Amino acid sequence: MKRSIVHMDLDTFFVSCERRNNSELIGKPIIIGGGDRGVVASCSYEARYFGVRSAMPIKMALRLCPEARIIRGDMDLYSKLSNEVTEIIEEKVPLLEKASIDEFYLDLSGMDRFFGTYQWTQGLADRVIKETGLPISFALSNNKTVSKIGTGEAKPKGHLEIPETMIRPFLNPLSVRKIPMVGEATFQTLSRVGIRTIEMLANVPADVLHTLIGKNGIELWKKANGLDDTPVLPYSERKSISSEHTFNSDTIDVTAIRALINGMAEGLAHQLRREKWLTSTVVVKIRYANFDTETKQMRVSYTSADHTISKTALELFDKLYTRRMRLRLVGLKLTGLLHGDYQMNLFEDTQEMMSLYQSMDKIKLRFGQHAVGRASGFSFPNQ
């Protein structure tokens, strides 16, 4: 059966949410992000015109666009509106994958037997815009890679249909940067050997790319040639992640328990970033030696940052542990998870903190979970 895969993307989502609530922001350069030492989480097209980009330090962004208005961001609002859009799409689509807070893949294969798939998708996009007030773009093709690239070319407020016979003519003139899996390091490697367009990349033998950039070379060659059989995965949100520790012998050593909670927080935060989740609720559980069990939770702005989760968890523990009785177990759970990239947490992170987490994550992915960490979070002494 012929595949029909749609990629839908809410245009400058954070900015559009703010403009929906305040029409005075329409047409003005807007930057969503943290304070002076923070970084840009999102920005309007008016700000992009001056060279402002996501993950850029706020200070640099303001030098490029002094007239930009800085808005700290409201993840609760963005999550609420994202869920509204999801419900509208989910009601109509047979198979939906929510790739992040603002983008979706739809598998409409077989629907063209009943009506025009492209026209049907246009009607769905119109409904999203009418019912939520949020602009959305989409592209339709026979696989996820081409559709995602197509949406990027259609923005803002645009739509494209790329039939199978037009995939190579569509992709060929585009920069290799347009391929989703091409990051800065891969782009620089390809540029050094003169490969800058997708057409040039597609014409390089797959085994040469494997030699040049490693195991991803074959996959990159397939994408450059418009080949991608990745399925659209049914939409589901994970509810929580957690970690618990039962002591070998009951303990009252508060300093060591706090170190353990720090370590749990660091481990769970790394898992969030690795799996691209953010949490909105931190829960701490303790079990006393007499098996009495108590929990306490606190809402936080959506985050996957060690320092935020650890600080909240320790505050909860201090409020929770009120009896001078030995503990048998301590646990930490993160709930209210939202799927999305770590950049969504840029409202509160400085550029230095972001760099630290990225470096720590790379080391852990290569050498294991316990290869690096804060001294305060290292392993609990045997008890």
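Reader: In which helix is Lys-59 found?

Author: In this predicted model, Lys-59 belongs to helix H3, which covers residues 58-64.

Reader: Why is Lys-59 called partly exposed?

Author: The relative accessible area of Lys-59 is 48%. Buried requires under 20% and exposed requires over 50%, so Lys-59 falls in between and is partly exposed.

Reader: How far apart are Lys-59 and Val-40 in sequence and in space?

Author: They are separated by 19 residues in sequence and by 9.5 Å in space, C-alpha to C-alpha.

Reader: What makes up the largest nonpolar core?

Author: This core has 37 residues, and Met-8, Phe-13, Tyr-78 and Leu-106 are among those with the most contacts inside it. At least two core residues each come from several elements, including strand S1 (5-10), helix H1 (13-21) and helix H5 (117-132). Helix H4 gives the largest share, seven residues. A second, separate core of 28 residues includes Ala-265, Ala-269, Leu-332 and Leu-334.

Reader: Which residues make the contact of H10 with H11?

Author: Among them are Leu-209, His-210 and Ile-213 of H10, together with Ile-218, Leu-220 and Trp-221 of H11. The contact residues divide into six nonpolar, three polar and one charged.

Technical notes
Residues numbered from 1 in each chain as written. Predicted model: local features only at pLDDT ≥ 70, side-chain atom pairs only at ≥ 80, totals over all residues. Heavy atoms only, no water. Helix = DSSP H or I, 4+ residues; strand = E, 2+ residues; numbered from the N terminus. Buried < 20%, exposed > 50% of the residue type's maximum accessible area, 1.4 Å probe, protein only. Core = buried A, V, L, I, M, F, W, Y, C linked by side-chain atoms within 4.5 Å. Contact = heavy atoms within 4.5 Å. Nonpolar A, V, L, I, M, F, W, Y, C, P; charged D, E, K, R; others polar.
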